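Please read the points with the model open.

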Amino acid sequence: MAGARLAAVEGLVRELLSEEAPSRIAALTEELFQAARSISEEDGSAAEVEPPGPMPPSSLPEEMGVTRASHHTAALARVEEGAISLWNWAVTKHMGSVVNDEQRAKLRFVACRLVCLCEGSDPLEGTIRRQILMSMKTGKGWIDIGKADLADGFLEIAMSSIEKLYAKLLKGSDGEADIDVHKADVEKNLFKVLSYQAESAVAQGDFQKAVMCVQRCKDMLMKLPKETCYLSILCYNFGVETYEWKRYEQSSFWLSQSYDIGKMDMKYCVGKEMQAKVLRLLATTYFEWDCNLYLDKALKAISLANQENLHPAGFFLKVKILLKSGASDEDINSAVAEFLHHEMSLDFCLNTAKLLLEHGRESVGFDFLKSVPERFESSPDLGKITLLHIEFLLHNKRELLAKQKVEEIIIGHYTGKQLLPEALNRLHIILWDRAAKHYEAKSYSEALHWYNYSVSFYTPGQIDQNLAKLQRNMASCYLHLKQVDKAKEAVKEAERCDPNSIFTKFSVYKIAVMEKDTDKAVEAVIEMGKLAEKPSQHEDKLRVDENTGTNLLSLAAQIALENEQQVVAIKALEYLSEHLQDCQQLFAALKCLVRLTLSKVMAENEEKRDEDINSMLTYLTLAHKRLAASFTEEKFTGDMRIFEAHWFRKVAWNLAVQFGGCPEKMRDFFLLSFKLSQFCPSDKAVLIAQKTCLLMAAAVDLEMGRQEVTPSEQTELLTQALQHLQACKEIWKVLKLTGDFVKDPTDTLLLLYEFEARSKLNDPKLYNLMESVWEQPQIEVKTLEIIASLAMESPARYPVLCKKALKSALNLLRKQTVIDAVKFSKCLHSLINLSLPTGLTDLDACVLQEVWDYFEDALSVVNSTDAYPEMEILWLMTRAWNTGIFQYTAGKYKEAEQWCGLGMRFLNHLGSLKKSYEGHMIGLYSEVLDKLDRAKGFLPNEEEE
């Protein structure tokens, strides 16, 4: 098994050495690294050829033992050769950037591991030296890529190999001189290994081990003086690392060691500049560690640094330490005086002055600042000194002196002493900052004073976005001072410089609102809304923040409301609602819009209302849209969503009720209320509201379908009504489970609405619907009457269904204890009208018999009650009589006699009207009877004279 692992590694090495593709090299490198990590020292002893067959060891001939040994040696030699080739290949490929640092470290790991396996019990001197080199470089490679833990093992191997080499050299030495040569030979490698072990220990946070390794290196410097510089820099690097990790105690140790080692050999030292650099960092370490506790050490270190090498950073740090320690002005003056005699840059001097002034050392700071211009009279950056002076005068509330300095710069600007562009920009910032502070303090006149200083540096007619911003700021000040004309002039100048800025439009808007110019204010808001949709370049060359547009529109609405300009506020809020991303802000804006628009509608006549009603529909539709999208917004919680949904659904409901005179709008508001309620918990109250909304929407669609509309429009309205009814049915099923709804008319309304829609759509499902109706035991007469009426209402025509409904109604009426004669008469009237069309004479006998039965039913009721309406009795009498007359005209005397006789029977039940018809009908009836007798042959014809 061990031999197989080694063979696998050998195979991977050979494959890698012949590979050129970078991606494949990377994959093979990783595979080879993992394979090499799994092999152990036993694998080296297994690198021999297996015997040809199973033979006991005791039976092996001597020649076979020799053969096996030679094969083993050859195998190891082959592994070692492959390892060395791999090492050299990795070096070459790394130089050609084919393998990176980490891949090189892994390949070195593999090569070194294989060489160690092939070492043998008594390696040659050259083999040991090669192993020392390879182990050191492998360990150092791991350290350099930040994997110090993997380095330790190889550094230990290197240390062990050095000991072996030293022992081997001593064994073959000849006298004391040879021993010294051998010691010197190994000590260089020992020094390197120890320094690498120190690096590894620091990287792993093992301070004690690092100290021990460095101390051993330090002890070896007497024999290796050329390594002084290297060890000093190594300790400095340790100091930098531990300083960055804020391990100040360790950092101070390493930096002190670096400085001390740097002094050990003047010939091979790091140089004064480096020593000063070490001491400055040491002073900084003490300063940041605990300036009060280590003040003396920090001052001593920085003083030594400045003695070693004069550097601005050293002087600056010394002043900084003194300021932190609370030193007197005299001590600080002395420290400042130290470098006044040396060449320092202007920026250094300014930073020093700034440091002094920031720490409240005004006397020292201003005195120093006054001395600086003399040193840099010819410098083009001289203006920086004045700017710093102005800044600190303002900081110390010496505004009058600061103004004098600014005025001096303005005079210089027009007399050939202009500031450099960078300094001038800085001055503008100072002036604007001071003006802004006065503006915040409501000292608008003083703010204008500082803004005017800034204006002084612009030439007449100059176009600059910063100038536009400046003019807008000045306009704001003028508006607060009620100087509208000056504000208008400033805004006009801003428009000239930056006409497409949303801020400029906002300034125009503010003036329009102040002057109550509604049209101009609305126009400005529209422009702001357009600019908010596509942000343009801002005056500082950066894109306008996405919230800028919404913030300005929000402020515009607020200003309009404060100035009682409702129309302007509505327009601003409309644009604001289109751009707001924050749900809470959006719903607040929409609520405000609804309230404002509603109050506006209440004050308008009906002709002007339509547009505003449509606007409110738009607002509520947007609310629904954003509620639907709010599920992805983390800040907008479920409770917030429910609260807003309730508010908007109730508003939609109230608006639907309020605008009942406009059916279409009423329907739209009811539908919006339903949609908004879907974001609310489905409790009983919400379900009832949803049911009512859908019923009302369906009712409106049906009503609109009855109006004079085109067939396609009617079809669309009826189809919509069916959709609303279907949704309502589902809600009604759930709602009925929550309580007793015996007296609720919803079932009846759903039935009637659905019947009307399906009958007028000529829907085949109508008959299925009616099958369920005939089976209902509790159906009311009124419902059946309405069904009968709807069945024949254009464009519907279902006479069979109509008859069946009327018959069912009559059956129900007959079952009553006391028959309702009025209802009975109406149903019978409709049934007779449907069955016996007016003006038809050629009627089927079956039809006449059916109708005859209806008349008989009527007569029976008339006989049983005095409540039967007289006009209905008259109508029945007239229809029966006319039917008889039609039969008489057709020569059907027998049928004529029956029907006329029926009419005479109804005549007897007439009250006050009986006399009006009695004489005429009796005469005609006699003629009918006479004709009938003649037809039967009962009477002879009269003789002719």
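1. Start at H829. Setting aside neighbours within four places in sequence, H829 is in contact with E872 and W875 (contact means heavy atoms within 4.5 Å). H829 sits in helix α38, residues 821-835. Its side chain also makes a polar contact with the side chain of E872, at 2.9 Å. A polar contact here is a pair of N or O atoms within 3.5 Å; within protein, one must be able to donate a hydrogen and the other to accept it, and residues adjacent in sequence count only if both atoms are side-chain atoms.

2. A word on the source. This is a predicted model, where local features need pLDDT of at least 70 and side-chain atom pairs count only at pLDDT 80 or more, while totals for chains, interfaces and linings use all residues. Residues are numbered from 1 along each chain as its sequence is written, and side-chain values use heavy atoms, with hydrogens and water left out.

3. How confident is the predictor? The mean pLDDT of the protein is 83, and 88% of its residues reach 70 or more (pLDDT is the predictor's confidence in each residue, from 0 to 100). Residues 45-66 stay under 50, and the model has 13 contacts for them beyond four places in sequence. Residues 938-945 are also below 50; that stretch has 4 contacts beyond near neighbours in sequence.

4. Overall make-up. The protein has 42 helices and 0 strands. These are DSSP runs, numbered from the N terminus: helices are H or I with at least four residues, strands E with at least two. Of the 945 residues, 45% count as buried (buried is under 20% relative accessible area, exposed over 50%, partly exposed in between, with a 1.4 Å probe and protein chains only). Among contacts between residues at least 6 apart in sequence, 65% join residues at least 24 apart.

5. The cores. A nonpolar core is a set of buried Ala, Val, Leu, Ile, Met, Phe, Trp, Tyr and Cys residues joined through side-chain atoms within 4.5 Å. The largest one has 124 residues, and L427, Y509 and F669 have the most contacts inside it. Helix α32, residues 684-706, gives the largest share of this core, 11 residues. Beyond four places in sequence, L427 is in contact with L387, I390, I409, L419 and F457. Apart from this core lies another, of 67 residues; L6, C112, V214 and I261 are among them.

6. Which residues does E80 touch, not counting those up to four places away in sequence? They are C118, T127 and R130. E80 lies in helix α4, residues 62-95. It counts as buried because its relative accessibility is 18%.

7. Salt bridges. The count comes to 39, a salt bridge being a side-chain nitrogen of Lys or Arg within 4 Å of a carboxyl oxygen of Asp or Glu. K600 and D612 meet in one at 3.5 Å, N to O. K600 lies in helix α28 (583-602) and D612 in helix α29 (606-629), so the pair ties together parts 12 residues apart in sequence. K600 is partly exposed at 22%; D612 is buried at 7%.

8. K760 forms a salt bridge with E793, the closest N and O atoms being 2.6 Å apart. K760 is in helix α34 (746-760) and E793 in the loop between α36 (781-791) and α37 (799-814), so this pair ties together parts 33 residues apart in sequence. K760 is buried at 9%, while E793 is partly exposed at 27%. A network of salt bridges links E703, R706, E756, K760 and E793.
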